[in-house]
Each structure stands twice: as C-alpha cells, then as structure tokens.
Amino acid sequence: MARICFSFAVTGELKYLSHLDLMRLFQRALRRAALPLVYSQGFNPHPRLSLAAPLPVGVSAARELGELFLADDSIAPEQFLKRLQEQLPAGLILNGAAAKAPGGPSLAAQVSAARYRAAWSGLTPSPPAAELQEAVARLLSLPEIKISHRGKGGKEAIADIRPFIYELTAGMEGGPVLEMLLKAGSSGGVSPYLVLERLEQARSGAAGEAPAFLWNLQRLALYRGEAGSLQELTCAGA
Amino acid sequence: MSLDKELQALLPRVQKPARYLGNEWNVVIKDHAQAAVRAVLAFPDLYEVGMSNLGLQILYAAVNSRPEMLLERAFAPAADMEALLRERGLPLFALESKKPLRDFDLLGFSLQYELSYTNVLNMLDLAQIPLYANARDERYPLVAAGGPCAFNPEPLAPFIDIFLLGDGEEALPELLAELIALRSRGAGRRGTLLALAALPGFYIPQFYRPLYRGGSFQGIERLESAAPPVVAKRTVPDLDGAVFPTAPIVPYLEVVHDRGVLELFRGCSRGCRFCQAGVIYRPVRRRSPETLQKLACETLQATGYDEVSLASLSSSDYPHIDALISDLSAAAGERVRFSLPSLRLDSFSVGLADRFHRGRRGSLTFAPEAGTERLRRVINKNISREDIFAAIGAAVAAGWQAFKLYFMIGLPTETHDDIEGIARLCRELLDHLRRAYGKKPRLTVSASVFVPKPHTPFQWEPQLPLGEVERRQRLLAQALKPLRGVGFNWHEAGASFLEAVFARGDRRLAPVLELAQRRGCRFDGWSEFFSLERWLSVFRELELDPADWAYRRYTHEEPLPWDHLAAGVPKAVLVREHRRALAEEAAENRFEGGQS
C-alpha cells in the first residue's frame, strides 16, 4: 500500500465548488483514471482520500494539498500525476506529488494556519489605498472582535476572532490587495470572508456588499506548527 | 460588458453558483459559428432536478453527436439568480455558451410535470421571449416542448410552436435537420411549421382550434390541411440501436439522482389503470444483456460513478434480471453497485435487492398503492395480502429494518373502508412479522393523491374534492396513530388538485398560467413555494372554476381535449378497461402486456 500526497491549484470558476463537490470530483476522476484506490472498511466503504483543509466556496487556491492511499505501490508519483491530471477539468491543476510514509499524522491534522490574498474584484469602484490601510489598522487595534456563530449542539455562541488574525496587510498592485494569515485547522480558525466583512465594516461603518462580491479571494498556502513558528505545509515536509 | 462577464459578477452573490457554470465533466462545447442549427434544451426546474433526468442526457447526446448541430442546456434559475437577472435586465442564458436563449434557433422544453408549467412561462419571460406563439416573429427561436405532459399539452398550446409526442432521440435530431433544410429553402416561420406538421410526432397547436359551446369543450377543428386529424406518437423501434449517453454530463453538485443510469427497457407490461407512463411509453422495448453490459462499462469509464441505477418502469420484470446484475457486477468490479429504483412486491424482487445490496440494510420501498385487495383489483395492481407479507417477510429475515409503503388516496370507488384497510394492512403486517420473525421493523406510509391522467382508463374519473381528500388523510393518520413504529407522510392535496386541473385541461387554462406566472407562481411542485391561495385568486380573477376540470366525471361519449393526440392505446380499449375496473375485473390482455 502506498500513501501519496498531492498539491493542486483551483482556478477559474472551479472556485465555486464546495468542499464536498471537490471531494466527489476527485473520487470520480481517480476512478476514471483507473488508479487502484484503497477503500475504508465498514458498511459504506469510500476511497481513502482526504484534503488538507476545506476550501471556502468562492475562494481559488494556489497550493492545496490532498492525500490518498493506493493499493499498488509501483505507481510512481509522476505517473500518478499524469493519469489523474488527464481526468481533471480545466481549472484544477496538479502541482506535484510525493510518496509519503504510511504512518504519521494526516495532512488535515497538521494544518494550523492559512494565508490568503484578496484582490479588489473591480465590480464596484475601489476604495482609496489610504482608507483601506486605515481600516486595517483600526481593525487590528481592536482588543477583541466578537462574532456570534453556531457552536456545538447548534447553540448560539460568541467568539473572539482577533487572536486568529496573525497578519493582515493592505497594499496596492494595480488595485487594492490584502494579505492575511489566519488560524485554521481542526483546533479552530476563522473564515477569510468574516475578516473581510469586519474590515468592510471598519472601513465604511456599515455592513456593505458581500465580501465575495468585492474581493477575489485566493488561498496561497497552508501552514503547520505553532503561531510564531509556522512552516508551510508541503508534500515534501508533511 | 458581455453577458458572460455580467454573469461572472452574479455568481458570487448566489447561494449555489455551481448550478450555472456549464463546464462539468463531459459537457459538449461547440462553436456557434460552425453549427448549422443551434438549440437549447430547457428544463423547467432546478439544475439538481433537471440533471437527474435521463431524457435530458439522451437528447444531449443524440443531438451533439451530429457535427452540424448544437444542443445546450438551461434550467429554471433559483429565486436568488432570477432576482439578480431581473434587477439587471439580463436575459436567461444557456449554460454552455452563456448566450441568451433568444439567440438560438430552437428552444425545447422538457415537460415532466404539470406543476412546472409556470416555470416554462417564467423561463420564456426571463429569456425576454414573448410568451404567446402568435407574438413571436422570425427574430425569435421556435419554441418546442416534449415529454409526458405533451400528451395533453393544451393548457400550454398558445405558448408553444411545436409539441413532440413520444420518444425524442430520433425525432429531435430529425426536427433540427428539417430546420436546416427548410432554412436553406427560405421557408419562413409559418412555412416551417406547415412542413413540420406533416411529419409524424409533431403537433403544431396553432393549426388546430378548439370548439366550445356553453362553456363545454366540443372538439377540435383543423385549420390547415397539412395538419393531421390525429397526431401519432414517435417510438424508437429498437433500443439496442438507439443512442445512449455513455458519457453523460457528470454534475459537480449533488443532484437528486447522483449516479449513472442504464435504461433496461422502455414501456411497462403491468397495466396499472391509473398509470400514464404505462400507456405513453408503449410498447415494451428491451435492451439486450450484451448491449447493457457494453453501455455499463462505457458509462463507468467515462464518468467514474460508483453506482449505476438500472432504470425502467418496473426493472425486476426484465427477463433474467438476476443473471444480468450478476454479469454487470462481474464486469464492473466489486466497487460498483447496481441498484433498482423500484421494487415489485414479491419475494423474487426482495431477494434480488438483497443479493446485490451493499452496506447497511436500511430501507426498502414498495408501492401497494391501495389498502384492500378489492381496490387493488380496481386499479389492476394484482397483489394479495399474502404476497405483501411474503415479500416483506423475506426482507425482514434478510435483515432489512425499515420499509416505505406508497399508497394513493382518492382512487376510483375508494371508500373509508379502503382507507382503514391501509392501517389494517400495516397492523397485520407488523403482527405477522413479529410472530413469524420476532422482528419489529419501522414502516413509513406515504400517501399521494390520485390524479386522473389523460390516456389512462381512469381519465374520465373525477378527483376527490380537496376537503374530502384532507378528511381521508386525517382518517388515515388517526387509524395509523395507535400503531407503534409506523410513520405517515402525505402529499399536499392542493398541489395534486392543480395537477388534476392541468392534466385534463384545455386551452382556456392558458390565461390562468400566464396570470399565475405574473402573480409570482414558480416551482409549484416544491411545497415551500406552492400557494393554493394564490392560484385560487388567479382563477377567481379570470372567472374560471378549477373544479370544472378536476372534479367533473367526464362521459365516455364526450370529446376530450386530447383526443387528437394518440398515445397508442385506442379509446375503445380504455373504455372497456374503465368498465372492467368498476366491475373489479382484471385487465384484458390487450391492455396488459404493454403492447397495443
């Protein structure tokens, strides 16, 4: 049995797929490629395939990670890449693959942070750079950023997302651009949309347009490790 | 900004943008400039419903396999997308090219369900195409419609240029080839329709005029000699030679039927007297095991599905179905599951379902349809109480833990005893299962409402009035209440009432549809959008009484609005079957067997 880690980019309209859509897409593509998948035990066996972190609907991605098991360890990573890529729709691009030791923690268990880039969509007039920078400073100066969300058991819960924002910077590259490093993974995290929504509030003082309309969001990379000593999660390092 | 760009800007603002991408696996994208004829298949329901329809995939493959033709898809946009299109004045578009529907040569609607008619009009309206056929000139596409409801399409007649009766996989490419030829001869809109009227299976409603006297339908008059007195349906004689979509479009979204499909056969030999599908899909035509095996392998390879549904109106009737599934399973490998969409109520079918089942033995579904043997004789669903006990007993013994049982309320001759018979059957079944197997499975009784459908032996029967349907639903709920482990679901009676109105409707209902669309009726088949009150106010405003269509007992002698459309079973046979039903006699051979 072989464990393979693969890296991929999600571009164009495929950013509108949900995590489950993407999982189904990979499963079907792998079966079309006739790769010897390993299935889980139990009543409802499914291929042992997982993605490192769910990608929010509407967010494109540069270097997402996934991993799976193959029954046959004679399939080289390059061969795996070629066979799978042929069965993927345009817009889903494999960057690379590497064999991985069968033991060890899953990718999903290692993810602790994610870096995003938001570029102004151009669908509405862009705010002046200074105004955006001021809003970023204002947001980051808040001692806490309270949000209400559905907690465990569906109950309304209040959380402070300020500690989850590790970095947030604004700049200009033809138009306004933001970069954010946010806590992510199984021990909690914050959606980039939520940060953009609060930023818009800090800027205009009102709820305003949906962040997905104002900004083109891209996830640049996933990280592992503790805040302060984060390392990019890659197939080589995982 | 181009329409494509405009739509890009809408996607971030709708709940499920993946409905509108049009770039799924196996999609066919053709250059409009290279195609001699351009058509759109419009499905008047959500993407998730339309993409579960086998007919859509068949037609898509049949047309797109021809290099000179192009067929794209359009679905009813969800409320959020509709609001954005209207707010910005954008026209409804085809998924593949994002071109406006009005720029195509032919727009063809799939009519699966009467309660999708307002969506048909709404899609025309969103496409910025005039609703009425006589208001459309050469600038607009021809508007066609086909599917089961085309066998009485009269409520939609003023809006549609061409109805297609029967199987579409040959007729639609033929229609498009005809359009290419007619255009090269310079035939205008009217000339085109006149030429099509002479071909079998094409019903051009504007060449016929209904006659009324004192508010009653008196028959239909032909206005053009090219239009035949009776339009025959199209049937593909041999399914082995017919097109089958082995590389169907694989949706990204989880659709209603999210799996591959193999159509084992078309038609049904059962002869249930309420069933319209059993008539309009005649005669029974099977695919051979060899063809099915080939189609299954190709489908799996081209889609990556891990489940294939073996579809037909009664799949366990396929000869040697057990051998077929064994062979298919052997060819497909252990990770592929073959499933049967509907199970006949007998031990053979249960054994079959059990043998090829994977995973937890959850729930099996059966349709006894009626609670007493007497009423089952009336509808010609000839299964006995003992058959039911034996079938479900076999399933319980094999470890199945839950059963769904489908019944109909309001069948002809139904009495309160037949309703109580449903509860009696459930109680006795549970007693039997406890005594014989020591098991207490969960039963879910699901009760729909009988709708008299054109071309069936029950087409003359009235629907039970709404109040009485609701009374019987309550009666059944009460009778089931003392039974532990029995759940009960029932259909919205108001929706079934409207279904009956439009199923037997005539052209006087067209203004009702038009006004209903303007008043906001959409997705009437979805209980969360359906409003009986809104519909009734539309009828009141037009001074029409929907009860005239749904509740009236039609006579065998009077002309029916669909008499000029031939589904395949002669009216005389339907009359005899109707009489035999009321006498609780079994069907004659001519009606059973799926031939005539």
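Two residues are in contact if their C-beta atoms, placed from the backbone, lie within 7 Å. Axes are lines fitted to C-alpha atoms, for helices over the stretch in contact, with angles from 0 to 180 degrees between N-to-C directions. Helices (H or I, at least four residues) and strands (E, at least two) are DSSP runs numbered from the N terminus.

This is a predicted model, in which local features need pLDDT of at least 70 and side-chain atom pairs count only at pLDDT 80 or more, while totals for chains, interfaces and linings use all residues. Residues are numbered from 1 along each chain as its sequence is written, and chains are lettered from A and ligands numbered from 1 in the order in which they are written.

**Exercise 1. Work out the strand order of the sheet that contains S10(B), and find the helix that lies across S10(B).**

Step 1. The sheet is open and has three strands in the order S10-S13-S14 (chain B), with parallel pairing; two strands pair if DSSP finds at least two bridges between them.

Step 2. S10 (260-263) and S14 (337-339) of chain B are the edge strands, each with a single partner, so one side of each has no neighbour in the sheet. Neighbouring strands here are turned by 25° against each other on average, direction ignored.

Step 3. Four bridges link S10(B) with S13 (residues 307-311) of chain B, and B:Leu262 stands opposite B:Leu310 in S13(B).

Step 4. Helix H9 (residues 289-303) of chain B lies across S10 and S13, at about 165° to S10(B).

**Exercise 2. Follow the chain through S16(B), S17(B) and S18(B), and say which hand the crossovers have.**

Step 1. Strand S16 (residues 402-409) of chain B runs parallel to S17(B), joined to it by eight bridges; B:Ala402 has B:Arg442 as its bridge partner.

Step 2. Together with helix H14 (residues 416-437), S16(B) and S17(B) form a right-handed β-α-β unit. Right-handed means that, with the strands pointing away from the viewer, the path from the first strand over the helix to the second runs clockwise.

Step 3. S17(B) is also parallel to strand S18 (residues 486-490) of chain B, over five bridges. B:Thr444 is paired with B:Gly487 in S18(B). The chain passes from S17(B) through helix H15 (residues 466-480) to S18(B), again in a right-handed β-α-β crossover.

**Exercise 3. Describe how H6(B) packs against H7(B).**

Step 1. Two packed helices are described by the angle between their axes and the distance between the axes. For H6 (residues 171-184) and H7 (residues 189-197) of chain B, the axes come within 11 Å and cross at roughly 135°.

Step 2. The two helices are therefore oblique to each other: angles under 35 degrees count as roughly parallel, over 145 as roughly antiparallel, 65 to 115 as roughly perpendicular and the rest as oblique.

Step 3. At this meeting, B:Leu175, B:Glu178, B:Leu179 and B:Leu182 of H6(B) touch B:Gly191, B:Thr192, B:Ala195 and B:Leu196 of H7(B).

**Exercise 4. Is A:Gly151 buried or exposed?**

Step 1. Locate A:Gly151 in the loop between strand S6 (146-150) and strand S7 (156-160) of chain A.

Step 2. Apply the cut-offs: buried if 20 or more other C-beta atoms, placed from the backbone, lie within 10 Å of a residue's own, exposed if 12 or fewer, and partly exposed in between. A:Gly151 has 11 other C-beta atoms within 10 Å, so A:Gly151 is exposed.
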